[in-house]
Amino acid sequence: MSHRIVVLGAGYAGLLAAKRLARRLHRDDATVTLVNASDRFVERVRLHQLAAGQRLTPRPLRQQLGRAAVQLAIGRVTAIDPAARTVWMGDEPRALVYDTLVYAVGSQARLDDVPGAAEHAHTVAAPEQATRLRHRVSEIASGGTVAVVGAGLTGLETAAELAESHPGLRVGLFTGADDIGSGLAPRGRAHLRRTLDRLGVSIHPKTVVTAVREGGLDTDAGGPLAADAVVWATGFRAPDLARAAGIATDDRGRMLVDATLRSISHPEVYAIGDAAAGMSVNGTTSRMSCQSALPMGRGVADVVAARLTGREPGPVRIGYVFTNISLGRHDGVVQFTHADDRPRRLVLTGRPAAAFKETVVRSTVHSGPRSASRGN
């Protein structure tokens, strides 16, 4: 019987892993099944554009797979049974049995940080959530107020995109940090500040949001602040599937893995992307980002293929080259970095940065994502 490889999740990491596994292994020796809740590939790095009212190009998974010998199973995964090596799918449960499982289920917005966020805040972590925000923004675009909480990449890009697409919208960016753009070189931080100021985004550093309520939010800086919509962009956590299955995870739900991305508790299971607590080249846990997901997707395919053909693989290196921040459609910052994510002096800004990021984002789709640049 062929070795059964099941890949859970068709995001950047999972799609790349499934395709590369199919290329590396002979179909008589192994079958590769890709499981996803939707039949579409989600360009997650564009969801802030969807929230701002822009139309995204549909990306059917079958089209993204091309001629790769990958079986596609569409359905929501409800449970994993490691003892039986079985994945359960759908409201009317059906089972998929695996010999090797690649856990690439991505992440979801972390909405349990403060009271009221889950009930009242919007996110851009999934297409349906971004679409919900889009509808709300269309209702308040003329003179309404949006509070974006969190000044990481998601918060920065969402605030800029909303402000550029809807000039009549008042956009505020709230962060508990001392400033924004802490991972950028001075020139990049200065450009980020100037651009957000040009777009009319008000910045509120050293402001911790303590609660979200209907019609606004509360902060540690004083009384309640009114907002017609609150966007929660403070971070992500992995789904609960691995923890519920008894597989070792960290406090954010990410599977604990060794240097080859193999589960430390279940050797037949591997994890990649946002759902994996991988190790970067500097010895720290990898960031939840496309930058980490793509080398993991490549690496896990090589690791699994090596072990199935009797070779012991080396460690998967998760390094960085650059960080892209889009600031609307015609501006941005590209911060080139050392492999350990420390910023270099080299920074690209303005229209060239916007064009650079667009090229990178398109390459991950048009290649399927085949080549998968490490920076995004």
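Tutor: Glu43 lies in the loop between β2 (30-36) and α2 (47-51), where helices (H or I, at least four residues) and strands (E, at least two) are DSSP runs numbered from the N terminus. The model is predicted, so local features need pLDDT of at least 70 and side-chain atom pairs count only at pLDDT 80 or more, while totals for chains, interfaces and linings use all residues. Residues are numbered from 1 along each chain as its sequence is written, and side-chain values use heavy atoms, with hydrogens and water left out.

Glu43 is buried, with a relative accessible area of 5%; buried means under 20%, exposed over 50% and partly exposed in between, for a 1.4 Å probe and protein chains only. Its side chain makes a polar contact with the side chain of Arg59, at 3.2 Å. Such a contact is a pair of N or O atoms within 3.5 Å; within protein, one must be able to donate a hydrogen and the other to accept it, and residues adjacent in sequence count only if both atoms are side-chain atoms. Leaving out residues up to four places away in sequence, Glu43 touches Tyr12, Thr57, Arg59, Val361 and Val365, contact here meaning heavy atoms within 4.5 Å.

On a 1 Å grid over the protein atoms alone, a pocket is an open set of points with protein on both sides within 12 Å along at least five of seven lines, a cavity is a set where a 1.4 Å probe fits but cannot get out, and lining residues have an atom within 4 Å of a point.

The structure holds 1 cavity of 30 Å³ or more, and the largest cavity has about 50 Å³. Ala109, Thr123, Val124, Ala125, Thr154, Trp232, Ala233, Gly235 and Phe236 line it, giving 6 nonpolar, 3 polar and no charged residues.

As for the packing, the largest nonpolar core has 63 residues, and Ile5, Leu8, Tyr103 and Ile272 have the most contacts inside it; a core is a set of buried Ala, Val, Leu, Ile, Met, Phe, Trp, Tyr and Cys residues joined through side-chain atoms within 4.5 Å. Helix α9 (residues 290-308) supplies the largest share of this core, 9 residues.

Leu261, in the loop between β17 (255-256) and β18 (269-271), has a positive phi of about 70 degrees although it is not a glycine, and Leu261 is buried at 2% relative accessible area. Asp341, in the loop between β21 (332-337) and β22 (343-349), has a positive phi near 80 degrees, and at 23% Asp341 counts as partly exposed.

Note on methods:
Points joined across faces, edges and corners; volume = space filled by probe spheres on them. Nonpolar A, V, L, I, M, F, W, Y, C, P; charged D, E, K, R; others polar.
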